[in-house]
Amino acid sequence: MAAENVSMGFKLYCLTVMTLVAAMYTVALRYTRTISSGDLYFSTTAVCITEVIKLILSLGMLTKETGSLSRLKNAIVEHVFLSPNELLKLSVPSVVYGIQNNMAFLALSNLDAAVYQVTYQLKIPCTALCTVLMLNRSLSRLQWFSVFMLCAGVTLVQWKPAEATKVQVEQDPVIGFAAIAVAVLCSGFAGVYFEKVLKSSDTSLWVRNIQMYLSGIVVTLMGVYVTDGEKVLEKGFFFGYTPWVCFVVFLASVGGLYTSVVVKYTDNIMKGFSAAAAIVLSTVASVVLFGLQITITFASGALLVCVSIYLYGLPKQDTSKLSRETTESKQKLMTV
């Protein structure tokens, strides 16, 4: 999708907000799972509340889009109550996103925020592969090269993960990496699947979001019941919640919705810079808050990942135009 023509100031605003949200989310979540004092909250309830807030925000955006409460009511009746097949279709990414969000909590309970931020960029090759297989798109040679470069960078980061000296809780880097692996697979598949559903009809983005979040609430509530059901009944749904936990839920809620705005108004190069900047901010915050010790392999791997993200976002060269120009030049030479 091409970026719409808006002022550079607004694009920079989108870039700044997306960067800060991505960096603050990982650092704040890591803080609540490892450093923050008090009882540890149930991550499954946080994921569920996030879906509820996203639904409320999407209803607000649909209200603004439709322009009146009556049209909002008609849209909800038509696309929700009278479209069970569509709800079933959107339940697929709901389940996958639910798994992804829970894996993020598990990963950040076992890996530093900076290591997570770098490794999570594996979602780019995963999304690229799903795009090729599900949407029949092609990647340029430069994009394939950047994918392999990114994988090499992540391998360096995980070869000898940087350690955080201020984190005293028990951690398992293997579990953390496995959780990220599941999360990036979910992210790639769900993102491409949702894009395919969006482009299969003219239904509003906010209607699709509402359909997905309704399914998401049901799925995440089931996750709460299966994983922490007895503990939640004993201690309460909001057990262990602090202002920091509420902040994490807020960032998770607005971050997902804000992505659609960023996709609409910025380009791939700016998104690449944003991802690279989020890695740098997460690393600095991890050094200050968690005592992260930067190693040569981590720094080299992070640099490779940042460069690969930039290369992947570069616009494709119009090879058809070049081939036409080459053909015309050959014909002129033959004429001469």
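Reader: Which residues in helix 7 and helix 12 meet?
Author: From helix 7 they are L142, Q143, F145, S146, V147, M149, L150, A152, G153, V154, L156 and V157. From helix 12 they are T297, F298, S300, G301, A302, L304, V305, V307, S308, I309, L311 and Y312. Contact means heavy atoms within 4.5 Å.

Reader: What kind of model is this?
Author: This is a predicted model, where local features need pLDDT of at least 70, side-chain atom pairs count only at pLDDT 80 or more, and totals for chains, interfaces and linings use all residues. Residues are numbered from 1 along each chain, and side-chain values use heavy atoms, without hydrogens and water.

Reader: At what angle do helix 7 and helix 12 pack?
Author: Helix 7 (residues 141-159) packs on helix 12 (residues 296-313) at about 160°, and their axes are 7 Å apart. The two are therefore roughly antiparallel (over 145 degrees; under 35 is roughly parallel, 65 to 115 roughly perpendicular, the rest oblique).

Reader: Is that crossing left-handed or right-handed?
Author: Helix 7 passes helix 12 in a left-handed crossing.

Reader: And helix 2 with helix 4, at what angle do they cross?
Author: Roughly 135°, with the axes of helix 2 (residues 43-66) and helix 4 (residues 84-108) coming within 10 Å. That makes helix 2 oblique to helix 4. The crossing of this pair is right-handed.

Reader: Which residues make the contact there?
Author: S43, T44, A46, V47 and E51 come from helix 2, and G98, N101, N102 and F105 from helix 4. By class, the contact of helix 2 with helix 4 has three nonpolar residues, five polar and one charged.

Reader: New topic. How many helices and strands are in the protein chain?
Author: The protein chain has 13 helices and zero strands (DSSP runs of at least four residues for helices, at least two for strands).

Reader: Which residues does the "transmembrane region" annotation cover?
Author: The unreviewed UniProt entry lists several spans, including 40-63 and 174-194. Such annotations may be inferred rather than shown by experiment. In the model, residues 40-63 are 88% helix, with end C-alpha atoms 37 Å apart. Residues 174-194 are 100% helix, and their end C-alpha atoms lie 30 Å apart.

Reader: What share of the protein chain counts as buried?
Author: Of its 336 residues, 45% count as buried (under 20% relative accessible area, with a 1.4 Å probe).

Conventions: Axes are lines fitted to C-alpha atoms, for helices over the stretch in contact, and angles run from 0 to 180 degrees between N-to-C directions. A crossing is left-handed if the near helix is turned anticlockwise from the far one by less than a right angle, and right-handed if clockwise. Ala, Val, Leu, Ile, Met, Phe, Trp, Tyr, Cys and Pro count as nonpolar, Asp, Glu, Lys and Arg as charged, and the others, Gly among them, as polar. Buried means under 20% relative accessible area, exposed over 50%, partly exposed in between (1.4 Å probe, protein chains only).
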